[in-house]
Number of protein chains: 2
Amino acid sequence: MNAICQRPFRQALDRLRASGLRPTRQRLALAKLLFDGCDRHVTAETLHSEASSANIRVSLATVYNTLHQFTEAGLLREIVVDAGRSYFDTNTSEHHHFFNERNGMLADIPGSDVVLTQLPKPPDGMTIRRVDVIVRVDG
Amino acid sequence: MNAICQRPFRQALDRLRASGLRPTRQRLALAKLLFDGCDRHVTAETLHSEASSANIRVSLATVYNTLHQFTEAGLLREIVVDAGRSYFDTNTSEHHHFFNERNGMLADIPGSDVVLTQLPKPPDGMTIRRVDVIVRVDG
DNA sequence: GTGTTTGCAAAGTGTTTGCAATTTA
DNA sequence: TAAATTGCAAACACTTTGCAAACAC
């Protein structure tokens, strides 16, 4: 783990409690993987295999459930860049993404590096829920 | 078909020829559905069932193949808004989208209604291939 | 005729679900 | 103990593929 990104001890547990999610062994372990280091992007598969590597016994179904529960709780943000695969970002603050379709790598764009000067008026009775900017790169 | 959007006769055929795609019965029929009216957003499923309604006999596999061939040929643009479903847009010019997750409706945002003042510098040796802006709406 | 395209059905991928067993409070 | 959570395997939705038959040139 990168010391630069290290976060307060017990943060994983606290986050679960604050979200009203029972701190089960699986959730706690996944939360530690997700939140105890630098911000990161995961898919269900990558998180599941990372857990396996760390000798954490969690089923893939539970990883999916957990990612969605964390997302609903506001601990994660889901990012759609690829039809057929869901990414989740531990950085829930307003920012956008680079996506390299060749290798599936997703990277944050610092908030201030994309400036939307003008937002369009949404159709009829609709309200804007979120604006996603995906900069697709090659190379 | 909306007369306002009507396009030159035989455009479908011309587009296929220009792209080096053999104008088979299926491709021609799909091209007519796609290009002879207003700009539109389709999924493989919606296009397939539209073809069926019009008594055009095309398999779903061929619809998928055709959508990809048209996309490679630059006749369509693929839009990723939803993990697990691919949308295709007949409008290939630079513009962005509203997406309503509740009902899956996709709508163009007129080009000038989203202004990106500043593009981020892509990582290392990468170049920007495209910028997608998706305004997610509710209501 | 020859190479391309199609359709079908099977396989593939990522994700969700039903339910009994387990765990948490 | 009661309610929530887990794991498994089956089901799912969407998409791709292999290959023989049909088609375009």
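## Overall layout

Which pattern does chain A follow when read along the sequence? This is a predicted model, and in it chain A runs α-α-β-α-α-β-β-β-β-β-β. Its secondary structure comes to four helices and seven strands.

The C-alpha trace of chain A spans about 45 × 40 × 30 Å along its principal axes.

Chain A has 139 residues, and 42% of them are buried. The accessible surface of the chain comes to about 7400 Å², with carbon and sulfur atoms accounting for 50% of that.

Now for the contacts within the chain. Of those in chain A between residues at least 6 apart in sequence, 47% join residues at least 24 apart.

## Where two helices meet

Two packed helices are described by the angle and the distance between their axes. Take helix 2 (residues 25-35) and helix 4 (residues 60-72) of chain A: their axes come within 11 Å and cross at roughly 65°. Angles of 65 to 115 degrees count as roughly perpendicular, so helix 2 and helix 4 of chain A are roughly perpendicular to each other. Helix 2 of chain A passes helix 4 of chain A in a right-handed crossing.

Which residues in helix 2 of chain A meet helix 4 of chain A? From helix 2 come A:Gln26, A:Arg27, A:Leu30, A:Ala31, A:Leu34 and A:Phe35. Helix 4 brings A:Thr62, A:Val63, A:Thr66, A:Leu67, A:Gln69 and A:Phe70. The residues of this contact between helix 2 and helix 4 of chain A divide into seven nonpolar, four polar and one charged.

Methods:
Residues numbered from 1 in each chain as written. Chains lettered and ligands numbered in written order. Predicted model: local features only at pLDDT ≥ 70, side-chain atom pairs only at ≥ 80, totals over all residues. Heavy atoms only, no water. Axes fitted to C-alpha atoms, helices over the stretch in contact; angles between N-to-C directions. Helix = DSSP H or I, 4+ residues; strand = E, 2+ residues; numbered from the N terminus. Parallel < 35°, antiparallel > 145°, perpendicular 65-115°, else oblique. Left-handed = near helix turned anticlockwise from the far one by under 90°. Contact = heavy atoms within 4.5 Å. Nonpolar A, V, L, I, M, F, W, Y, C, P; charged D, E, K, R; others polar. Buried < 20%, exposed > 50% of the residue type's maximum accessible area, 1.4 Å probe, protein only. Areas by Shrake-Rupley, 256 points an atom, 1.4 Å probe, with all protein chains shown as cover.
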